[in-house]
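Hi there,

Here is the structure I promised to pass on to you. Please open it and keep it beside you while you read my notes below.

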Amino acid sequence: MTRENCPPYYRYWGKAREAEDHPTILCHLLPFHALDVTAVAAVWWDSSAHLRQSFMHDVDIPAEQYRAWVLFFIALHDLGKIDLRFQLKAAEVWRRLNPIFFAAKLPSRTQSKQYYHGVAGVFWYGYDRTPVDNAPFDQFAEPKSDDGPKLELDWMAAVGGHHGHVVAYNNMTAHMSDFLLKGQAAQQDAIARQALVDDLAALFLSPVGLTADDVPPPVSLMLAGFCCICDWLGSQESFPFCDDNSLTLNDYFQQRVHGEAQQACSPLLERPYQYQGVGVLLPDGKIPRQLQTLVDRLPVKSGLTVVEAPTGSGKTEMALALAWRLLSQGEADSIIFALPTQASANAMFARVEKLASQLFSAPNLVLAHGNASFNKLFTEIKQRPQRQLQGDEEATVQCAEWFHSRKRALLGQIGICTVDQVLVSVLPVKHRFVRQFGIGRSVLIIDEVHAYSTYMYGLLSAVLSAQKAAGGSAILLSATLPEYQRQALAHAWQSTLLPCRDYPLVSWTDSHDNLAFTLPEHDMPPDITLHAEVLPMADMLPNDELIERLLTAAQQGAQVAVICNLVDVAQGLYERLKERLNEQNEIEIQLFHARFTFNDRQVKERAAIGTFGSEGDRSKGRILVASQVIEQSIDVDFDWIVTQLCPVDLLFQRLGRLHRHQRQYRPAAFSTPHFTVLVPDASDFGIHGLIYSNSLVMWRTWQRLAALDGEPIRFPAAYRDWIEPIYQQDPTGDEPDWILQAYEKFNEEQYVKTSLAHFILRKAEEEAIPDEDENLRAVK
């Protein structure tokens, strides 16, 4: 058919290129690009049971009707491109498509440059269907008595935000006056837009008994991210440009569904192996132990799982096994494992890389944090050739090039990241909804969940609320979770957890059912007693006598860790120890903290894990001076730990690195675990109070240690007997005045941080800043 008698929307380009690139096909017609993206959405939707469940878990309409609404609105994601101002961004292409168009005056170059088609499409969808002639624009912004217009625009806002920011319906008024264009061009654009809406409704809605005038169901939180990713996939070079106006919408759509869209979706559709038990994830010869035996008793449906168990008890394998069960039952499509630090994320990445091919045949494994590009293992995985065909060839872990983007880092089958990468999903950052989508389709595992600040807890609560709204699952891991934090996390899931003093404990809720799983007596972890050496020291720094003891222990073959609360303190102590080695150069001393340059940190991190890890060289004694980076999720093992006073939960985390593994050999003087805690020699925490500002918890930890008087700490009972009373939020009356005054200041600071978190969350609905490291630091 000719341009004159084809549907009017065939006279608009969706993607354009320079004439010299292709002399015969200058553009990809707008309706065809729209259907490329919709074809990807259709293939993905039909291939993923969990995706469908995520969109529909709170909706009571037939599945085929919900699918029709999703495809219909995704096909309209670029509706705002049917506007002369956008078309003039490639003026020569537009003129070729509209050779007989006449207008007295065309929009200016500035008008064209300042026209943003995403939010404009939301406006035009509503305005074209309910025009308000010669009336203030804000009349359109007011929803009518029923929810129809508002629900439609909620859907349009979600798909119209595919370039980075969803403009909510109630924020549309500020943009409206920028969009109106009068005259012949405006009339032609309006006719073309309405024709496209009508024909897409005929293509997607009519076959299931719907029309564009029907009221859609409530929009899913997942739609914005889903549409954006489909747009990325549908814009790849594998979708050839087409300007053949003789093709019907249905013919073109079917070609893409059965062709290019299948290949475009393939990196995201890797299915897991059937669940075969937690034992598959354990080293050869090992059998499930302790809480790992609970995996098969947990419900296999979406919900919140909180795992409380000692350091080194196998929480990682337990969480992965539970995630695997959910994956194999279609309750999720991927796994995201979030950790508190880059060092712990790197260590977890190395562990999971060895297990990933047990879960998937060819998983895309992604490491996501600010310095992931410096990780040697991740770099090597990215360079592996991509497996294209499913067959009997050896399973391999890979990371397809498509995932090499910070925006797409949480879309692989398994993502290992720092927790800030998860928190970005609720921050006012462009394309945050892509991360939100990636999290929603995953089992979200958060390790060391006790380790975050009040501000981060405010954001984490929003993440958990969004995960529940998406019908997803979350697994939270901790050895040292106070009850008030435990219930606060459950509250974000709109639930409570059963109160229980048993330990280890696995709690589960879906906001309807609340379950608690404990271990039978024969699976309980063995009792461990540790005798604490409590030493008052000026500034909580080792004196000359203790330094001499450290060097002597290393000479005797002991692996020793000295854990400091601040990097500056660790650096100073390291220099002091090195100065004492003038005649004892055979003793190796390492320094590990988070403030090294990127390359140096990788070297230091690998050296620490390689030396003190489960397979480390124990042929001679060594000393590691470290900051708090060592206390979270890093598998290292020492004969003696010396630590500065810190809050009880972090103290226990540090002690979890003491005799962590069964060894055939330890120095005779250290056949039983040794630990020493340096406490203040005066009523002042000094610089340590800057990093641990909850003075009440610090003081109670100190007093509890001082009261031992030779009595041992008994684990695992101490996880409840110490942590709960020390973290009791109200003073008990025996605290000194300086502690009460400091605690009052701490509470004031927490209120400010909580308020800041709430402000940032509100801000995320109003604007979006570029997804760049410096911007993330500004809002975190």
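Glu 270 counts as buried, at 10% relative accessibility; buried means under 20% relative accessible area, exposed over 50%, and partly exposed in between, with a 1.4 Å probe and protein chains only. You will find Glu 270 in the loop between helix H14 (260-265) and strand S3 (304-308). Helices (H or I, at least four residues) and strands (E, at least two) are DSSP runs, numbered from the N terminus. The side chain of Glu 270 has a polar contact of 2.4 Å with the side chain of Ser 361. A polar atom of that Glu 270 side chain also lies 3.1 Å from the backbone nitrogen of Ala 362. By polar contact I mean a pair of N or O atoms within 3.5 Å; within protein, one must be able to donate a hydrogen and the other to accept it, and residues adjacent in sequence count only if both atoms are side-chain atoms.

A word on the source: this is a predicted model, where local features need pLDDT of at least 70 and side-chain atom pairs count only at pLDDT 80 or more, while totals for chains, interfaces and linings use all residues. Residues are numbered from 1 along each chain as its sequence is written, and side-chain values use heavy atoms, with hydrogens and water left out.

Next, please look at strand S4 (residues 334-339), where six of six residues are buried. Two strands pair if DSSP finds at least two bridges between them. Ile 335 has Val 443 as its bridge partner in S7 and Ile 414 as its bridge partner in S6.

There are also some backbone details to look up. The peptide bond from Tyr 503 to Pro 504 is cis, with omega near -5°, and Pro 504 sits in the loop between helix H22 (483-492) and strand S9 (505-509). That loop between H22 and S9 also holds Gln 494, a residue other than glycine with a positive phi, near 60°. Gln 494 is exposed, at a relative accessible area of 60%. A cis peptide bond also links Phe 715 to Pro 716, with omega near 10°.

A cavity is a set of points, on a 1 Å grid over the protein atoms alone, where a 1.4 Å probe fits but cannot get out; lining residues have an atom within 4 Å of a point. Residues lining the largest cavity include Leu 221, Ser 425 and Gln 467. Helix H20 (432-440) and helix H21 (454-469) each supply at least two residues of that lining.

Happy exploring!

Terms used. 1 Å grid on protein atoms, 1.4 Å probe; cavity = no way out; pocket = protein on both sides within 12 Å on 5 of 7 lines; lining within 4 Å.
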